[in-house]
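Hello,

Here is the structure you asked to look at.

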Amino acid sequence: MRVWDGLSSRGRVSFDSRPSDGPIAYMTENQNITRGLLAALEQQAPVTVFDKTSVEDIQLGPPPDSSLSSLNLSSYPHVMLSSKQRIGARLLVGADGINGPVRTFAGIPTRGYDYDRHGVVATLKLDMPQDEEVETKAYQRFLPDGPIALLALPDGFATLVWTTTPQKAAHLKTLSSENFIASVNAASRLPIVDIEYMSTQPDGQTSELEWRSSINPANELERTGAVPRTIHSVQEGSIASFSIRLRQATTYTADRIALIGDAAHTIHPLAGQGLNMGLADSQALASAIIEAVEHGADVGNELTCLNKYNGEAWMRNNRMLGVVDKLHWLYSMRNPAVVAARGLGLGMVEQFGGLKNWFMRQAGG
């Protein structure tokens, strides 16, 4: 992975794993993960999947009647589905996003704020030589508005994640494919002043890039892999944007409730850790449930099961949220002294192999 500061010529670091260690991380599309999980569920029994069904309401169960044989499910969350089915849950896991109904039902507040930034995403085709159809490097350049990252996919494709202001994000989505591609190519190789000028133009980014590239050639940087390959095309319909925010639920659990993934936290995408954090949540919750079952405990009880998950996951995620938040603000500053300090810091990371290896282990989970 190549990371560099758009305002500092010294602020550049390369994360390269040793051949014996294998890749630092992998990129895979969400639909592939979902397909694999569904295939694994089909091998488990008894598991029921309610497809094309939404949650209409969540309430506590009704009070028990006078019959001695009736079960007291009044403390159990009951989920009402759009299919008119009702499910009583000993443990209800909310994996339904930061504004999902499970957290709302549990009354768990969140803390955080919006960054006033949007993430522009797209699937891009790289300009690869015919005899070289594999790109294994990831690139991230820190610009004052936010980082632009290109993450390698198979067959010469890459995923774009470009953090910028809401106004610039909206402008990028209005551009033609050719001008959008020119803007992405400019953002990964031209000086900041050129990038900012091009972002103010309603049209003509392609000709602007051609002229400005003749003054600031990046051929040598491309040859050595210091900057990503030029973008050849953008996949139709893949350009989109999303609001970037920081959120952390004050707790991940309540009685018979557990939150995981974006239902519990949202993070700035600059470190690419959102999905990894959600997967780690799932692993920690599964571990707590297994331990409770093995000891005959109630899996929905906070004291006997859920506190273990909350204690492990909440603090770990809070540390990651704090580090990424500070990186966002650090790289948003244009003060020359701060820029110089950033460059010195990245230079030190580049020089010390042990520190680089620690960062790579964190990125790889």
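The notes below cover the cavities and then one of the sheets.

Please keep in mind that this is a predicted model.

Cavities

Searching the whole structure turns up 3 cavities of 30 Å³ or more. The largest cavity has a volume of about 220 Å³. Its lining is made up of 18 residues, and those closest to the centre are Trp162, Thr164, Lys168, Ile195 and Ser199.

Four elements each contribute at least two residues to the lining of the largest cavity: β10 (157-164), α3 (166-174), α4 (177-187) and α5 (192-199). Of the elements that line the largest cavity, α5 gives the most, with 5 residues. By residue class, the lining of the largest cavity consists of 9 nonpolar, 6 polar and 3 charged residues.

Sheet

The sheet to look at is an open one of 3 strands, in the order β3-β4-β5, and its pairing is antiparallel. At the edges are β3 (55-60) and β5 (86-88); each has a single partner strand, so one side of each has no neighbour in the sheet. From one strand to the next, the twist averages 20°.

Strand β4 (residues 77-81) pairs with β5 over 3 bridges, in the antiparallel sense.

Regards

Notes
Residues are numbered from 1 along each chain as its sequence is written. This is a predicted model: local features need pLDDT of at least 70, side-chain atom pairs count only at pLDDT 80 or more; totals for chains, interfaces and linings use all residues. Side-chain values use heavy atoms; hydrogens and water are left out. On a 1 Å grid over the protein atoms alone, a cavity is a set of points where a 1.4 Å probe fits but cannot get out, and a pocket is an open set with protein on both sides within 12 Å along at least five of seven lines; lining residues have an atom within 4 Å of a point. Grid points are joined across faces, edges and corners, and a volume is the space filled by probe spheres set on the points. Ala, Val, Leu, Ile, Met, Phe, Trp, Tyr, Cys and Pro count as nonpolar, Asp, Glu, Lys and Arg as charged, and the others, Gly among them, as polar. Two strands pair if DSSP finds at least two bridges between them. Axes are lines fitted to C-alpha atoms, for helices over the stretch in contact, and angles run from 0 to 180 degrees between N-to-C directions.
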